[in-house]
Amino acid sequence: MPRYQIEGGRPLVGTVTISGAKNAAVAIIPATLLVSGPCRIENVPDISDVHILLEILEKMGAKVTRLPNDTVEIDCTAVTCTEPDPELVRRIRASYYLLGALLGRFGKARVALPGGCNFAPRPIDQHIKGFEALGAQVEETDTYVDAVGPQGLRGGRVNLDVVSVGATINIIIAAALVPGQTIIENAAKEPHIVDLANFLNTMGARISGAGTDVIKIRGVKALRGGFYSIIPDQIEAGTYMAAVAAVGGNVLVKNVIPKHMDCISAKLREMGARVTEYDDAIRVEKVRRLRRATVKTMPYPGFPTDMQGQIGVCMALAEGVSRITESIYETRFFAYSEEFRAMGATIQVAGKTATITGTERLHGATVQAHDLRAGAALVIAGLAAQGETFVENIHYIERGYENLVGKLTALGACIRRVEDE
Ligand code: EPZ
């Protein structure tokens, strides 16, 4: 099995360019099922979650053309299949968006339950609530979800019981072609939701309010092909920013939307890093040992749960006692706390809160990635640690970080992807 071999202790210096947002791409790609004609999409990250989604669409009859510079052309006009390959569907989380897309286009879908990072129970009851508000009948078994709109779907109103990124996206996708108006209340506000709405609107949809907690979708008869460029990845950018703060150095993080980074920039500044914003870039510089901090993860615009582990490494190396309270996925600490300890960190987890007592130095160890973001946190820890670290289970990391090894190497890190005989 491939793994990363890291020799820690080298500062990160130079420029890194952020790729397109994973969580926008994995929503936009299934949404192309709604479109008649080719969609040319730029800034599609070259990561395994995207590869799998494209393969799913191809197997369903879509024409997928991979072009240079992270550009993909997808034409789903010829698709008639409403049951995507279950083996592929089970390999990623975002395959649940195929439900909304197929239901919206064909009025029926049979999709295997999604896989992906399993750091916590991840129910889809709010997705189903949304589909039912559109008039669908949905049956969920242990392995499949079947959704059908026997009388045809119509616009409806849904008030989400929890702020869910996935449910908000799935309902937008399902409703874009459905006659009448759909209203989502208590919607999530993440940048990738706005990006999905912008993509669909570019193709002719009528979606307003994305980025606020009330989203209105006025169904249109058809969407037509066009060109779209995906936003930069907030979490990839945040990961490099946290890496510089933890490891040391001075890096210009290019191709970011600084506004999306506000919460992360503010926290790193509070901890003592120097963070300078430009129009579409952010410079992070470590000028002193980091200070302790408290973080509470929240839906956007709060501090993202997907940055919990990465800021955790900063805290593990900071002066004093820091705290993280996780309010989205309570069990997420367990994806990395044991591994952090193996590298010399002091971290205690009690319910929703982790208490991290900073140390001057972490040491190398062999550790396992248990999910994408926890894996990224272990890479940062390895870069900051003294000695050699092996990060195993890197298929999780390669789900969501384009060319991580190449980008870090260009910043001066000593990291290699090695495969044992
Ligand atoms: C998305 O997951 C992201 N994934 C996750 O990123 C991210 O951690 C999460 O949002 C929170 O920001 C994708 O976009 C593909 P949610 P999602 O629905 O949509 C509860 C990464 O590493 N809930 O916003 O699945 C749920 O249990 C991944 O890039 C229900 O109760 O998350 C959680 O507590 C990991 N019922 C909360 O809502 C539902 O039907 C938020 O989950 C749906 C969710």
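Student: Which residue just after α2 takes a positive phi?
Tutor: Happy to start there, keeping in mind that this is a predicted model. Helix α2 covers residues 48–59. Just after α2, a positive phi of about 110 degrees belongs to Gly 61.

Student: What span is expected for α2 at 1.5 Å a residue?
Tutor: Let's begin with the helix itself: α2 has 12 residues. From its first C-alpha to its last, α2 reaches 16 Å. That is close to the expected value, 16 Å.

Student: Which residues of α2 are buried?
Tutor: Buried means under 20% relative accessible area. Asp 49 has 6% relative accessibility, so Asp 49 counts as buried. The buried residues of α2 are Asp 49, Val 50, Ile 52, Leu 53, Leu 54, Ile 56 and Leu 57.

Student: What do the buried residues of α2 pack against?
Tutor: Good one to follow in the structure. Leu 53 and Leu 57 are among the buried residues of α2. The elements that the buried residues of α2 pack against are α1 (22–31), β4 (63–67), β5 (71–75), α3 (86–89) and α4 (97–106).

Student: Which side chain meets Asp 49 in a salt bridge?
Tutor: Side chains of opposite charge can pair when their charged atoms come close. For Asp 49, the N to O distance in the salt bridge is 3.7 Å. The partner's side chain is that of Arg 399.

Student: How many residues apart are Asp 49 and Arg 399?
Tutor: Asp 49 sits in helix α2, while Arg 399 is in the loop between α13 (395–398) and α14 (404–410). The pair therefore links distant parts of the chain. Their separation is 350 residues.

Student: Is Arg 399 buried or exposed?
Tutor: The cut-off for buried is under 20% relative accessible area. Arg 399 has 10% relative accessibility. Arg 399 therefore counts as buried.

Student: Where does Arg 417 lie, the partner of Glu 398?
Tutor: The side chains of Glu 398 and Arg 417 meet in a salt bridge of 2.8 Å, N to O. Glu 398 lies in helix α13, and the pair ties together parts that are 19 residues apart in sequence. Glu 398 is partly exposed at 22% relative accessible area, and Arg 417 is partly exposed at 41%. Arg 417 lies in strand β23 (residues 414–419).

Student: Which residues are linked with Arg 110 in a network of salt bridges?
Tutor: By the rule used here, the count comes to 21 salt bridges. Arg 110 belongs to a network of salt bridges. The residues linked with Arg 110 are Glu 83 and Asp 146.

Methods
Residues are numbered from 1 along each chain as its sequence is written. This is a predicted model: local features need pLDDT of at least 70, side-chain atom pairs count only at pLDDT 80 or more; totals for chains, interfaces and linings use all residues. Side-chain values use heavy atoms; hydrogens and water are left out. A salt bridge is a side-chain nitrogen of Lys or Arg within 4 Å of a carboxyl oxygen of Asp or Glu. Helices (H or I, at least four residues) and strands (E, at least two) are DSSP runs, numbered from the N terminus. Buried means under 20% relative accessible area, exposed over 50%, partly exposed in between (1.4 Å probe, protein chains only). The expected span of a helix is 1.5 Å times one less than its number of residues. Contact means heavy atoms within 4.5 Å.
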